[in-house]
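Welcome! Here is a short tour of one protein model, written for someone meeting it for the first time.

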Amino acid sequence: METTAVDDSYYPEDKQSGNSAADEETVVCLYEVDDTGVIQTMSEVASMDADTLIAAMVKEGILAEGTEVTAFSQEGSTASITLNQLKPVYEEASEEQILACVVNTLTENMGLESLAVKAGDKDYGTQSFTNEYDAT
């Protein structure tokens with residue numbers, strides 16, 4: 001089944017749906033840690049970039065308040081990100097699990113094969129999507 005967007009701009013203003021392309025958001029898959037391991041959750045973002053994805057992880061209670069992207073660069077399917085900190089909200093999350101959440105979120109949503117990660121004063125090296133910590 002195929003759906004198409006409806007252009008209602010020719011309707012009178014009071015009959016228009018009020019939805020415009022600018023109002024549309026993209027559904028993304030975020031990774032978070034709970035007591036079973038790393039799990040997926042869904043969220044909506046206005047744009048698909050590192051800043052927005054990290055902000056969504058903060059908003060959804062995955063990364064600690066104040067976590068921000070200080071640098072990001074992408075060349076093809078590889079990228080590099082620097083965060084000011086890498087702290088989980090869930091106290092039982094290990095450093096490796098929260099790192100996997102960040103890497104999995106960015107690689108899956110941005111179509112990356114690898115991501116070099118730095119946070120605070122720590123260099124985590126080049127990482128790729130992992131299911132090592134997935135809930136079973």
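## A threonine in a loop

T67 sits in the loop that runs between α1 (50–59) and β3 (69–75); helices (H or I, at least four residues) and strands (E, at least two) are DSSP runs, numbered from the N terminus. Is T67 buried or exposed? With a relative accessibility of 7%, T67 counts as buried, where buried means under 20% relative accessible area, exposed means over 50%, and partly exposed is in between (1.4 Å probe, protein chains only).

The side chain of T67 has a polar atom 2.7 Å from the backbone oxygen of A64. T67 and Q85 are also joined through their side chains by a polar contact of 3.0 Å. A polar contact is a pair of N or O atoms within 3.5 Å; within protein, one must be able to donate a hydrogen and the other to accept it, and residues adjacent in sequence count only if both atoms are side-chain atoms. Leaving aside residues up to four places away in sequence, T67 touches I54, V58, N84 and Q85, a contact being heavy atoms within 4.5 Å.

## How the model is read

This is a predicted model, in which local features need pLDDT of at least 70 and side-chain atom pairs count only at pLDDT 80 or more, while totals for chains, interfaces and linings use all residues. Residues are numbered from 1 along each chain as its sequence is written, and side-chain values use heavy atoms, with hydrogens and water left out.

## The whole protein

The protein has two helices and six strands, and from the N terminus on its elements run β-β-α-β-β-α-β-β. Of its 136 residues, 35% count as buried. Among contacts between residues at least 6 apart in sequence, 53% join residues at least 24 apart.

The accessible surface comes to about 8400 Å², and 44% of that belongs to carbon and sulfur atoms; accessible areas come from the Shrake-Rupley method with a 1.4 Å probe, and for residues, only the protein chains shown count as cover.

Because 13 of its 16 residues are buried, α2 is largely enclosed by the rest of the structure. After the helix comes G111, with a positive phi near 70°.

E108 belongs to α2 (residues 95–110) and is partly exposed, at a relative accessible area of 36%. What does its side chain meet? The side chain of E108 makes a polar contact with the side chain of Y31 at 2.4 Å. These two residues are 77 apart along the chain, and their C-alpha atoms are separated by 9.9 Å. Not counting residues up to four places away in sequence, E108 touches C29, Y31, Q40 and F129.

## Cysteines and a salt bridge

How many disulfides are there? A search of the whole structure finds zero, a disulfide being a pair of cysteine sulfur atoms within 2.5 Å. C29 is buried at 6% relative accessible area, and C101 is buried at 0%.

The search also finds one salt bridge, meaning a side-chain nitrogen of Lys or Arg within 4 Å of a carboxyl oxygen of Asp or Glu. It pairs K122 with E95, whose closest N and O atoms are 3.3 Å apart. K122 lies in strand β6 (residues 122–127) and E95 in helix α2, so the pair ties together parts that are 27 residues apart in sequence. K122 is partly exposed at 37%, and E95 is partly exposed at 35%.
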